[in-house]
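Here is a short report on one protein structure.

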Amino acid sequence: MDPTNKPTGPSPHYSLYQREMFRRGGEHGALPSFSVHPEELAESTKKTLNNRGYFYANSNAGLGWTDRANRDAFYRWRIVPRMLVDTNTRDLSTELFGHRIPAPILFAPIGINKLYSPLGELVPAKIAGELGLPYCLSTAASQPIEAVAAANDQGAAVKNESNKVHAYSGPNGGDAQSPRFFQLYMGHDDDITISLLERAWKSGFDVCMLTVDTWQLGWRPTDINIANYVFYYPGAVGNEVGTSDPVFMGKHKEELAKDSGKWIDSSVWHGKAHTWEKMPWLIKEVRPVPFPVCSCAALTGVQWKRISGGRPFVIKGIQSAEDALKAYEVGCEGIVVTNHAGRQVDGAVGSLEVLPEIVEAVGDKMTIIFDSGIRTGADVFKAIALGAHAVQVGRLYVWGMSHEGEAGCRHVMKSLLADLDITMTVGGYQSLTKDVHRNKKALRYNPSGVFPGPDEHAKL
């Protein structure tokens, strides 16, 4: 690829990263230390992680059929390339909740990142800032909210052609230099919920994303085999959001000292489902304050809109058009179409299977983020063509950071961007938003065929 005299377009030439890899090998004999082929990448983490880390990253619910359904669904949809199209510049950029971002790719919220690298969530948060892509922080993180925000801003501080694309002029509680969202696991203590959301807002997380498919972890036999629940072991990680929260510690410090699972069992994966009736309270409803006035903040309602100055609220875990419509009716600006990467309900529909009907129901009313099964640039293309406004990737960046921390995470995410950019170039599509989004002619459905097995590709 000729890197000279390349016209400047709306997006960086991410495709040049491929040439950079070739040059390093040809001129200096420097080869990547691990493969970014998704199947080889996942397998290679067996050598870099202990059993707990490996199985927590790779375990699925039950027999793993939902995880398989996610990948099968991508195999069924085939891209229709177009020829003699001017793709000398590509536009991968989009607008998401008021943020102009260089590509429609978010770092998905994944908990307990210290299982994969000593710095935990600081690693992907920094790389997201470097790239100008939204980073979503999990309530089950192994770093405090404030520390993750600082790492995200650190990554964004060094400007480059990717993060320079980011632009935002709306309200932000922490003067964030890069887009970042907070994923909420909501317990049943409203004071703690309020504290978490206020901390997130003050730290610059300006979108709230409530996960509704994981009141408790799904049945995961490969985790059960090794009692893979890190919170119950000495020196437990994954409590850091709780131990840094003044309200939680004010109420449960002594209990936590006796039971290292107190945070996760009472405030995160507590096993007590919320219902749609709770959503108005969480998002925007004002509840009457009794007289005499109580100082307890829970009496007035959380009102994410009040805390954030009206910023968006998103529900993560939608798998049906009916639930998508309910999310719209209770005041959500967006949804995440996801089955938690096949980790919660075994034998469920693949996320991409249900995306078209959800888009048909609410695609003109809400922002739709797709999650579950994204592995390649072609996968991103297909999800956007079927109506998603953006996608989340999780396991990919976890696998990367499991190898070389920041360098591994950066390599995997830059590879995904290059893959998407090259797919647009050789596929004949210039703009993701104008030429791909909800373009039924860009894909063709193939109901037959068998998804290739794990060893059915060229490898060393």
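The notes below describe a predicted model.

Asn-228 sits in the loop between helix H8 (221-224) and helix H9 (240-243). Its relative accessibility is 7%. Buried means under 20%, so Asn-228 counts as buried.

The side chain of Asn-228 makes two kinds of polar approach. A polar atom of this side chain lies 3.0 Å from the backbone oxygen of Arg-52. The side chain of Asp-223 joins that of Asn-228 in a polar contact of 2.7 Å. Leaving aside neighbours within four places in sequence, Asn-228 is in contact with Asn-51, Arg-52, Phe-55, Tyr-56 and Asp-223.

## Nonpolar cores

The largest nonpolar core has 110 residues. Ile-105, Phe-107, Trp-269, Ile-335 and Phe-370 touch the most other members. A second, separate core has 12 residues, including Ile-101, Cys-136, Met-209 and Ile-369.

Take Ile-105. Not counting residues up to four places away in sequence, Ile-105 touches Leu-133, Pro-134, Val-380, Val-391, Val-393, Met-413, Leu-416, Leu-417 and Leu-420.

## Helices H5 and H18

Two packed helices are described by the angle between their axes and the distance between the axes. For helix H5 (residues 122-131) and helix H18 (residues 406-427), the angle is about 40° and the axes are 9 Å apart. H5 and H18 are therefore oblique to each other. Their crossing is right-handed.

H5 contributes Val-123, Pro-124, Lys-126, Ile-127, Glu-130 and Leu-131 to the contact. H18 contributes Glu-406, Cys-409, Arg-410, Met-413, Lys-414 and Leu-417. Met-413 and Leu-417 of H18 are also among the residues that Ile-105 touches.

Notes:
Residues numbered from 1 in each chain as written. Predicted model: local features only at pLDDT ≥ 70, side-chain atom pairs only at ≥ 80, totals over all residues. Heavy atoms only, no water. Helix = DSSP H or I, 4+ residues; strand = E, 2+ residues; numbered from the N terminus. Buried < 20%, exposed > 50% of the residue type's maximum accessible area, 1.4 Å probe, protein only. Polar contact = N/O pair within 3.5 Å; in protein donor to acceptor, adjacent residues only side chain to side chain. Contact = heavy atoms within 4.5 Å. Core = buried A, V, L, I, M, F, W, Y, C linked by side-chain atoms within 4.5 Å. Axes fitted to C-alpha atoms, helices over the stretch in contact; angles between N-to-C directions. Parallel < 35°, antiparallel > 145°, perpendicular 65-115°, else oblique. Left-handed = near helix turned anticlockwise from the far one by under 90°.
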